[in-house]
Amino acid sequence: MPERSSEVPPELYPELAAAGGLRGALAREAVRHGHRAAPLGPVEGYDPAVAACCARGEARFAVYATSTDEREFRIEISTDTGWLWGAFGSTGDLAVVDAILHAWREGASIEQLRRGWTLLAASPLEAAPPGRVVPTAWRLTLERSPVIRLGDAELAEALYAQPALRVFFPFPSHGQFSLLSSTDDPFFEEVPRAVPNGDGLWDVVLHWSRWSPHIPSRVIGSRLGARESAALIAANIPAGSGPAVEGGWPHPPPLETPVIGDIDG
């Protein structure tokens, strides 16, 4: 999982490198703006250098600087009931993180925060910067984040290990694992999917869809391990497919050929 690093790339996060990590950098930022520094703790499963959180009753404000290919501070705010789906945001400006954290510590509600900072959204994928929806979905999947639908961990890692598959949107559902060419409804699936076949094994299925009515569903590999399934899927990417577009699939499905007798007149 390349983005879950404990390293702080100084070229991306010079203030973190200078302060010895994210908590130190946020404390300095608070002092710089005249805010009382929030008591920040670690985030379970993350190195303290790149993740920090603050509690307010049952609510939690967490910040992550785990991206190693682009400067990004990710914000996750849970509600007062502890419900994880509160507000999510992404920014490259640590001062913005400090301002939102200060307002939250002063008692601002999720609704007030979202009105004050439009970068905050109701889901982490809505909050992802343009061009970052697919890598954000992969990161959350690999980190086993509770704020996104999760598929089989071994299969997810095997799929991500195939560079050709990383450009597609991971979409596990009902035990199956699809790789989509769009990140929102209407979804478009042109890459074979993995379907469970018991005992931790998978079938690789080219799935029929209304977008390709001339292609019937068919199994192209049966009872394979995670790595073998991922390799077979990667080997059967249709020519010209991907990367996934952000949003719904922009092209309408082809008109199905009418059956004789269905034509009026």
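**View A. The lining of the second largest cavity, by residue class.** Three nonpolar, 1 polar and 2 charged residues make up the lining of the second largest cavity; here Ala, Val, Leu, Ile, Met, Phe, Trp, Tyr, Cys and Pro count as nonpolar, Asp, Glu, Lys and Arg as charged, and the others, Gly among them, as polar. This is a predicted model, in which local features need pLDDT of at least 70, side-chain atom pairs count only at pLDDT 80 or more, and totals for chains, interfaces and linings use all residues. Residues are numbered from 1 along each chain as its sequence is written, and side-chain values use heavy atoms, with hydrogens and water left out. To find the spot, look for Arg-60, Ala-62, Glu-76, Ile-77, Ser-78 and Leu-84, which line this second largest cavity. Strands β2 (59-64) and β3 each supply at least two residues of the lining; helices (H or I, at least four residues) and strands (E, at least two) are DSSP runs, numbered from the N terminus. The space inside the second largest cavity is about 50 Å³. On a 1 Å grid over the protein atoms alone, a cavity is a set of points where a 1.4 Å probe fits but cannot get out, a pocket is an open set with protein on both sides within 12 Å along at least five of seven lines, and lining residues have an atom within 4 Å of a point. Grid points are joined across faces, edges and corners, and a volume is the space filled by probe spheres set on the points.

**View B. The largest cavity.** Searching the whole structure turns up 3 cavities of 30 Å³ or more, and the largest cavity holds about 90 Å³ of space. Its lining has 13 residues, with Arg-74, Phe-88, Gly-89, Pro-124 and Arg-139 closest to the centre. Two or more lining residues come from each of β3 (73-77), β4 (87-91), α5 and α6. By class, the lining of the largest cavity divides into 6 nonpolar, 3 polar and 4 charged residues.

**View C. The largest pocket.** About 310 Å³ of space lies in this pocket. Of its 15 lining residues, Leu-125, Phe-169, Thr-183, Asp-184 and Phe-187 lie nearest the centre. The elements giving two or more residues to the lining are α5 (124-127), α6 and β5 (169-173), and β5 provides the largest share, 4 residues. The lining of the largest pocket comprises 8 nonpolar, 4 polar and 3 charged residues.

**View D. Helix α6 against helix α7.** The axes of α6 (residues 133-142) and α7 (residues 153-160) come within 10 Å and cross at roughly 140 degrees. That makes α6 oblique to α7; angles under 35 degrees count as roughly parallel, over 145 as roughly antiparallel, 65 to 115 as roughly perpendicular and the rest as oblique. Axes are lines fitted to C-alpha atoms, for helices over the stretch in contact, and angles run from 0 to 180 degrees between N-to-C directions. From α6, Trp-138, Thr-141 and Leu-142 make the contact with Ala-156, Glu-157, Leu-159 and Tyr-160 of α7, where contact means heavy atoms within 4.5 Å. These residues divide into 5 nonpolar, 1 polar and 1 charged.

**View E. Helix α7 against helix α8.** Here the axes of α7 and α8 (residues 226-235) come within 8 Å and cross at roughly 40 degrees, so the two helices are oblique to each other. Glu-154, Leu-155, Ala-158 and Leu-159 of α7 meet Ala-226, Arg-227, Ser-229, Ala-230 and Ile-233 of α8.
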